[in-house]
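I opened my notebook to look at one chain and at what it touches. My entries follow in the order in which I looked things up.

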Amino acid sequence: MRFLGSRAWLCLLVLLPLGELGAHALIVSRVAPDADFRAAADFVRKQLHARDLITVAPAWADPILRLHLGDRIPLSMAGRSDDARYERMWVLSTRGALPVDASKRAPELQRDFGRVRVLRYALGKSPVLFDFTDTLLRAHATIEERGHVRDCPLHRGGVPHGGGLGRGVLFPLAERFDCDPRRPWLVVGPVVTEDLEITPRHCIWQHAAGDDPISVTWSDVPLGSELVFYAGLYYEHERMRDHGPVRADIFIDGERRGGMVHEDGDGWKRLVIATSPQAPGARGEVRVEVRAHEPDRRSFCWSATTRQTTSQGVP
Amino acid sequence: MNLGGRQIFASGGRPACAHDHLVGLVLCALYITLLWHTAGDIGLSRDEGIYVDAANNYASWFELLAHDRPTALTRSASDHFFHVNHEHPPLAKMLFALGHLAQEKWQIFPTESLSYRFGGMLSAGLLLWLIYIFGTRLYGPTAGLFAALAYALLPRPFYHAHLDAFDVPITCAVTCVTYAYYRSLSDWRWAPISGVVFGLALLTKHNSWILPGIFALHFVWLAATELYARKRGHAAAVSLVPWGLYAMAVLGPPIFLGGWPWLWHDTALRLQEYAAFHMHHEYYNMEYFGVNYFWPPFPVSYPWVMTLFTVPLTTLWLALAGLGHELGQWWRQLRVLLTRASADALAQPPIDRTQTLVLLLGCCLAPMVIISLPSTPIFGGTKHWFPAYPFFALFAGRTFQLTCELAKPRLSGLSAALRCSFAPVFGALLLLPSAVETAHSHPFGLSHYTAAAGGVPGAADHGMNRQFWGFTTRSLVPFFKQAMPQGGSVYICDTIWTSWQMLSRDGFLPSNIVASFDIAEADYAIVHHEKHFIEVDEQIWTTYGSVKPVYVLRYDGVPIISVYKNPHSRR
């Protein structure tokens, strides 16, 4: 009890509130004003190249990045699975933060705009030869029902209605292959959906219909050395981990070259398939089939690229 | 019968006098005034909107009761008016309804929302009064005043004190029942009061269910120590009859049943339904250290870390120091009581035979322990253990009072004026961080985190919940007024229709700017930034074909709401 009247205790009780006030003032003073973001964004905007990635750190500042540079951030960038298609990375950084996918190497450019630091990293030449999501509308989709295969015609237009939590992807999609007009979700089309980590993914929606597959086929695809395939399900359809698996099979020139069984809990799952490492310029037909024995809420979505790489590491 | 008078005031406390009640009244009035003048900055949250709907129904029932009592008391009337939101008891909503009726009749309040919210504000003000009186009785007026101010200046309770919701009323009710029970230990006349206020607490919110358990445990401990002390030759100090608990058991249930017209019919079934709703409550999403929790098991650390991250450090430190001091004191007293004969014990400082610390500790810990259980939903953030905070504040007040007392010898060389001003200046210094943080938290109360979390940006770095209930929409009003001078529509994300409507009815938002539930049809769409709301971002990106918002509402640089403009809008 005597301690409460001691000089040390009194000093502590004087220093503690002062320290707390100081910490509060420091935190508030380190907030980057909008003008700094604007100046940094203007600087980046003037120097953007076609294969530049724009990102922000810390990640929670992403809406501010999109406010200033959102017109230069397509859905494919906002919902990327990895950074392979980019050759340079621009980072708008505050409070010394770096994005998790920043290069370990030193940035090739660094410039401060008030409290916002612009960093640019060289990522090297992109190994990506072909992006399946970007080229989906050039593909051909089909659905198989009791042994009978029929086309899913390409439709454009239509306005999705509603919105909100638990609704997931809104239908109709602006551009989609309709496999069953009675089941608006039974389409193949480009969407942005969130995976099990609640991360946005720009991907091809290919909801399973049952044991028979829904297929989508591209012809004349530059095959490169590997096909990198990512897939997952809409967050709310996967998070309870109480639904059956989804199976995806990847065929090149009619031959099954790989596949994935996606179980609830797998999240955004990666698969690498060797394509034609011995024939660098080879092209071929690629088909992706998706099926699930219990198709309810099997909102399978995937993205993939073919790449010409020299190593097996993730670019 | 007053068996324990000497022991009750063992820690420097004294009975509250008229002057103390005047101080309490002033605290109450000042706090309500502050809340009154700041409420307009905070939009109606989701739950408030639902309680407004319920209050409107209750108000209609009150009117019917006044004009046609037989009809109002029929089953069809009580079912009709009390069906809405029958998963929560009615007392707080009745207060909101009375505020609304007063507004309709006398136009007392500057805005319609304030008329509903006033009942909650009143309970917040009364709570300060009660904390002051409780603290005065336990540790003296210095402790009581500091405790009341320490509670008033907690950022999250300050936010909730504005609302027409149950969390501050139940905090007030729990504190009130505890005070009455505590008084009943030494004065049986407080027993019926315990019973009545317990009934009212039951009518306020289900948090009150835990009180008999806390009090029973306290009384078992009290009785055991008392019996042992008597065996050792100590004189009887407290009654071994739990009058307060008896009164709660006898008066609580009938007041609860009588005060809730919904339970007047199919009573057993509806009681069962009410209990089941809360025992098997739906789980919502809550981000904690970057993980979106929506299903048990929930992290045991949640209430403790959130308390650390949201209660200003100085206040928290003072509370822990006070608790530590009281525990040490209690342990020493217990040893004296149990190991020394009566004659020896008389030479020792007086002993609190009512085991007040056990009671306060129970009230402090029980709400947090319950939320720590892995099966307890955590969607409500800190508000679910607000009933613990008045007791934290009392411990903080105890530390302040002891420190002032023990520092007196050090001040002997100072002038009388300086000696007199020591306590107020020292108290002001200790409360200044809380005052600054609370002022800074407004109107983003639920988004606020203290320096322990690194502030709002630090909490965002840690992946802590940014907000819930969609209340921040109010802060977008200036943007929408500028963006849509001719009116238009907004997809309102987590805000509910009643809450949006209230912005218009309060005169903040032009009535031609209307709510929409359709992203594609709306002129603008908003997203409240919580981890799981990225889904709505994505819906907007896909529908509008762009990821670019036109405005981002920020708090300390952290995005709170993004606003997107529909490219197909003609506005």
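**Helix 24 of chain B**

I listed the buried residues in helix 24 of chain B: Ile534(B), Glu535(B), Val536(B), Asp537(B), Glu538(B), Gln539(B), Ile540(B), Trp541(B), Thr542(B) and Thr543(B). I must keep in mind that this is a predicted model. The helix is mostly covered, with 10 of its 11 residues buried.

What covers the buried residues of helix 24 of chain B? I found pieces from both chains. Chain A brings helix 4 (75-78), strand 10 (187-194) and strand 11 (200-206), among others. From chain B, the cover includes strand 5 (524-528) and strand 7.

I then stepped past the end of the helix. Just after helix 24 of chain B, Gly545(B) has a positive phi of about 70°.

**Where the chains meet**

How many residues does each chain give to the contact? I noted 51 residues from chain B and 46 residues from chain A. On the side of chain B that touches chain A, the elements giving two or more residues are helix 16 (313-339), helix 19 (389-407), helix 20 (416-441), helix 21 (455-462), helix 24 (534-544) and strand 7 (558-565) of chain B. Helix 24 of chain B gives the largest share of that side, 8 residues. I sorted the side of chain B that touches chain A by class: 27 residues are nonpolar, 16 polar and 8 charged.

**Two helices that cross**

Next I turned to helix 6 (residues 91-106) and helix 7 (residues 112-139) of chain B. Their axes come within 7 Å and cross at roughly 140°. Helix 6 of chain B and helix 7 of chain B are therefore oblique to each other. The crossing of helix 6 of chain B past helix 7 of chain B is right-handed.

Which residues make this contact? Helix 6 of chain B uses Ala92(B), Leu95(B), Phe96(B), Leu98(B), Gly99(B), His100(B), Ala102(B) and Gln103(B). Helix 7 of chain B answers with Glu112(B), Ser115(B), Tyr116(B), Phe118(B) and Gly119(B). By class, I wrote down 7 nonpolar, 5 polar and 1 charged residues for this contact.

**Chain B as a whole**

Last, I stepped back. Chain B has 24 helices and 7 strands. Its C-alpha trace spans about 90 × 65 × 50 Å along the principal axes. Of its 571 residues, 57% count as buried.

I also checked the radius of gyration. A compact globule of 571 residues would have one near 25 Å, and chain B has 25 Å, so the two agree. Among contacts in chain B between residues at least 6 apart in sequence, 78% join residues at least 24 apart.

Conventions
Residues numbered from 1 in each chain as written. Chains lettered and ligands numbered in written order. Predicted model: local features only at pLDDT ≥ 70, side-chain atom pairs only at ≥ 80, totals over all residues. Contact = placed C-beta atoms within 7 Å. Helix = DSSP H or I, 4+ residues; strand = E, 2+ residues; numbered from the N terminus. Nonpolar A, V, L, I, M, F, W, Y, C, P; charged D, E, K, R; others polar. Axes fitted to C-alpha atoms, helices over the stretch in contact; angles between N-to-C directions. Parallel < 35°, antiparallel > 145°, perpendicular 65-115°, else oblique. Left-handed = near helix turned anticlockwise from the far one by under 90°. Rg over C-alpha atoms; globule rule 2.2 N^0.38 Å. Buried ≥ 20, exposed ≤ 12 C-beta atoms within 10 Å, placed from the backbone.
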